[in-house]
Amino acid sequence: WTANFFPVPSSATMAKKYLRVNLRVPGWAQGGQMIEASAAGKKFAVQIPAGLQPGQYFTVRVPTGGGAEMKHSIAPPEIQFNLEPNIVIGNDKYYKEVKSCGEWCDVSQICCPYVRFAGKNDELVYHHQCCCLPCCCNFSVKKKSESKEHDLGTIALAGCCDQPLMAVLCPCCYVGPLMQAKFQAPDGNTKYLLKSEVKCCQYCCIFLALCSPCYRTFRFCCTDHQYTTYEQNLYGPNLSDNDPVAKVIYTERMICPCIPDERVQMRIEPNADKGEIPIDDLVLLSIFPTLISGYVTMEFLCPIIPMLGSLPQPSGISVVDDANNIQFAHMNVKDALATRQENDMA
């Protein structure tokens with residue numbers, strides 16, 4: 001089990017305290033069955049409320065001590081809107097910290113801006129190496145805990161030395177892969193990369209993008225396919241390797257044909273055939289969705305502008321997305337919710 005929990009006093013005057021533990025019904029269970037779970041080192045058994053289906057959540061109150069021990073109980077229904085930026089990596093969730101006035105006024109941080117995401121046992125620090133050089137687009141991530149701090153790597157845009165020689169000497173005649181961005185280990189070696197595929201005459205039909213407003217209006221008014229899922233491939237360090245090690249999955253929904261789609265979720269899913277990606281490498285890859293999420297623009301205002309203009313993202317134009325190794329599929333709200341539920345249960 002993985003559980004989200006936080007201590008809540010049972011009342012303002014009572015000494016007893018509880019953990020509110022959010023549990024998810026496993027795929028093999030049904031309402032009314034007993035299951036075992038644990039939170040904060042406490043093991044307990046709980047009966048799944050009647051009527052719940054696999055993948056749905058329910059909350060229990062587990063006493064943490066103080067006074068006579070009480071049995072856990074199902075918490076009453078409540079309303080939650082989780083609107084704060086957060087990152088979930090494996091079983092750990094990190095929330096974006098708010099900088100204090102003193103941190104904003106700290107002139108020593110002007111050249112090296114940073115953003116912190118705090119977790120239960122450690123925190124992730126995303127920082128730019130030198131804001132005084134906006135042309136330097138490298139962003140790094142560190143994991144900090146009470147006992148140690150270690151650098152996990154950097155994301156950087158590709159340079160001329162990263163490209164095939166033909167692409168540098170004669171770009172007009174080149175056909176093949178081009179590196180767009182690279183994820184580097186602390187020693188400077190490339191571990192993962194984003195790349196595009198240059199094909200002959202691939203942009204000959206780019207003029208058809210002029211019909212995009214008409215097609216969006218048709219989707220919005222005449223169909224129920226307001227949701228779109230994009231899958232962007234992530235590759236290993238070898239530019240010629242076409243087998244992705246993971247993919248970045250975006251879920252977007254159309255609010256109105258005249259405005260850009262609203263991005264509701266981003267996640268990175270490893271390729272099961274390539275094996276499991278270490279947690280530290282997942283943290284390194286998290287730099288990419290963090291930068292393009294829009295939640296760190298205020299902290300990285302100056303250096304993030306050229307970075308966002310260079311990092312490949314879904315455009316909704318099929319020929320452009322295809323060149324950037326991005327596939328898409330439209331779906332209605334029912335299919336979109338079913339897909340998200342399947343992902344939560346996986």
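Figure 1. Six bridges hold β15 and β18 together in the antiparallel sense; two strands count as paired if DSSP finds at least two bridges between them. Helices (H or I, at least four residues) and strands (E, at least two) are DSSP runs, numbered from the N terminus. Look for Thr-229, which stands opposite Ala-329 in β18. Zooming out, four strands form the open sheet, in the order β17-β16-β15-β18, with antiparallel pairing. Because β17 and β18 each have a single partner strand, they stand at the edges, and one side of each is left without a neighbour in the sheet. Direction ignored, neighbouring strands here are turned by 20 degrees against each other on average; axes are lines fitted to C-alpha atoms, for helices over the stretch in contact, and angles run from 0 to 180 degrees between N-to-C directions.

A note for all views: this is a predicted model, in which local features need pLDDT of at least 70 and side-chain atom pairs count only at pLDDT 80 or more, while totals for chains, interfaces and linings use all residues. Residues are numbered from 1 along each chain as its sequence is written, and side-chain values use heavy atoms, with hydrogens and water left out.

**Figure 2. Lys-247 and Glu-231 meet in a salt bridge.** The N to O distance is 3.4 Å, and a salt bridge is defined as a side-chain nitrogen of Lys or Arg within 4 Å of a carboxyl oxygen of Asp or Glu. Lys-247 belongs to strand β16 and Glu-231 to strand β15 (residues 227-234), so this pair ties together parts that are 16 residues apart in sequence. Lys-247 is partly exposed at 23% relative accessible area, and Glu-231 is partly exposed at 28%. For these labels, buried means under 20% relative accessible area, exposed over 50%, and partly exposed in between (1.4 Å probe, protein chains only).

**Figure 3. Tyr-230 and Phe-328 form a tilted aromatic pair.** In general, a pair of aromatic rings is described by the distance of the centres and the angle of the planes. Rings of Phe, Tyr and Trp (its six-membered ring) pair if their centres lie within 6.5 Å; planes under 30 degrees apart count as stacked, over 60 as edge-to-face and the rest as tilted. A search of the whole structure finds three such aromatic pairs. One of them has the rings of Phe-117 and Tyr-126, with centres 5.7 Å apart and planes at 90 degrees, so that pair is edge-to-face. Phe-117 is buried, with 3% relative accessible area, and Tyr-126 is also buried, at 3%. For Tyr-230 and Phe-328, the values are 6.2 Å centre to centre and 45 degrees between the planes. Tyr-230 lies in strand β15 and Phe-328 in strand β18 (residues 326-331), so the pair ties together parts 98 residues apart in sequence. Tyr-230 is buried, at 5% relative accessibility, whereas Phe-328 is partly exposed, at 39%.

Figure 4. The whole structure holds 18 salt bridges. In one of them, Asp-261 and Arg-216 bring their closest N and O atoms to 2.8 Å apart. In another, the side chains of Lys-199 and Asp-322 meet at 3.7 Å, N to O. Lys-199 is partly exposed at 44%, as is Asp-322 at 42%.

**Figure 5. Charges sit over two tyrosine rings.** A charge counts as sitting over a ring if NZ of Lys or CZ of Arg is within 6 Å of the ring centre and within 35 degrees of the ring normal. The charged end of Lys-99 lies 4.0 Å from the centre of the Tyr-114 ring. For Lys-195 over Tyr-235, that distance is 4.4 Å.

**Figure 6. Strands β11 and β12 form a hairpin.** Four residues lie between the two strands. Six bridges join β11 (residues 139-144) to β12 (residues 149-157), and the two run antiparallel. Lys-142 has Asp-151 as its bridge partner in β12.
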